[in-house]
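Me: I'd like to learn how to read the strands and sheets in a model like this one. Can you take me through it?

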Amino acid sequence: MAEGAQPVRHRVTLRPSGLSFLASGEADLLTAAHQAGIAVPSACRNGVCELCEALLIGGRALNNRTHALVPNAGRLMLCRTQAAGHLELEIEAVMAVGEITPRKFQAKVAEVKSISHDVYRVELQLPRRRELTFHAGQYLSVVLPEADPCYFSIASSPRAEKLELHIQATPDWVSAQRVIDALRSGRPVTLELPHGRACLAAAPEKPLLMVAAGTGFAQMKSMVDYLRETGSDQPVRLFWGVRRHEDMYLRSLAQRWEEEWPEFTFVPVVGDSEDNDWSGHHDQLVRTVLASGDDWSNVRVMASGSPTMVYTLMDALVAAGLPEAEFHSDVLEYAPRNTPQNPA
Ligand code: FES
């Protein structure tokens, strides 16, 4: 390859998930998939454990040890294969968004720590962590006896050893306080996960705009941790809106991301500190996002907050040119519009 020339990259499409990534002719396919943030089961990285096995459906692939071409419909190990052109592979173990069936897990509580006047940071440890797969940005439910499940975003990345939650609770908020009391009891807790379609099964190939209100920050943290781990080179901008300064419970963490990660921009949006009941901070958050003047035709948006904020933001961005399919929020699933609770 001539000095300074860019290596040729080939598109590798995985079936049936439909996820795809770009691979140069030099790196093995397992490394390239992991760099794209796609969770392919693997252990040995040496062609032995067969966890990364796939079938070649189309294209030219080379065994990187023997340099022989893999025959069409032949088995291959991603860790032992290089792309010699665009590829189509069948690999059932790779899950797209919405394909991971929620399951119940018992978790030990590793830590419950107050990190602001009303937010707790919780760490949970699963005895068989390797059995759990989820995508960055998904959520879980805490299942307590004789109580409705309580739902919380997972704040940690899918590769982290422990699950992290940010739980907002005050003594008069009965259901959340009950969860905190249960977690503080020291007894194991039952979780059900993963839930949610507003998540990342692969690193995006376009700029990402994150908009969070209050503890919606937790969902964004999971995705930021994941993108930093995968070395994503796409720009990421986070708008975090809160009512009062003291509600921005991990502001220093978001500022540190901005210092450490050149692709990341943090925009804090703080409402009226004089009036705790003022609800205009949601409008202020939406106005601030719109004023950023992004190219709305080429961005993916992830939003987390109240249905009012999310739908106001979605309408404004779609009117400004965002394709509706690029707007993602769990609100669209659990609080769909045109219902008696959420009229259009
Ligand atoms: S990771 Fe073991 S065979 Fe590929």
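Reply: Strands themselves are DSSP runs of E with at least two residues, helices are runs of H or I with at least four, and both are numbered from the N terminus. As a case, Val142 has Cys150 as its bridge partner in β11. Keep in mind that this is a predicted model, where local features need pLDDT of at least 70, side-chain atom pairs count only at pLDDT 80 or more, and totals for chains, interfaces and linings use all residues. Residues are numbered from 1 along each chain as its sequence is written.

Me: How many bridges hold β10 and β11 together, and in which sense do they pair?

Reply: Four bridges, in the antiparallel sense, between β10 (residues 139–143) and β11 (residues 150–153). Leu140 stands opposite Phe152 in β11. The hairpin of these two strands has six residues between them, and Glu146 takes a positive phi near 55° there.

Me: Which residue of β13 is the bridge partner of Ser141?

Reply: That's Glu192. β10 and β13 (residues 189–195) are antiparallel too, with four bridges.

Me: What is the strand order of the open sheet that contains β10 and β13?

Reply: It reads β11-β10-β13-β8-β9-β12, six strands with antiparallel pairing. At the edges are β11 and β12 (163–168); each has a single partner strand, so one side of each lacks a neighbour in the sheet. Neighbouring strands here are turned by 40° against each other on average, direction ignored. For angles like that, axes are lines fitted to C-alpha atoms (for helices, over the stretch in contact), and the angles run from 0 to 180 degrees between N-to-C directions.

Me: And how many bridges does β8 make with β13, and how many with β9?

Reply: Five antiparallel bridges link β8 (residues 103–114) to β13, with Ala107 opposite Val189. Towards β9 (residues 119–125), β8 has six bridges, again antiparallel. Glu111 faces Glu123 in that pair, and a hairpin of four residues connects β8 to β9.

Me: What about the open sheet of five strands: parallel or antiparallel?

Reply: Parallel, in the order β16-β15-β14-β17-β18. Its edges are β16 (264–270) and β18 (327–328), each with a single partner strand, so one side of each has no neighbour in the sheet. Helix α3 (residues 217–230) packs on this sheet and touches β14 (208–213), β15 (236–242) and β17, its direction making about 150° with that of β14. Contact here means that the C-beta atoms of two residues, placed from the backbone, lie within 7 Å. Two bridges join β17 (residues 300–304) to β18, and Val301 has Phe327 as its bridge partner.

Key:
Two strands pair if DSSP finds at least two bridges between them.
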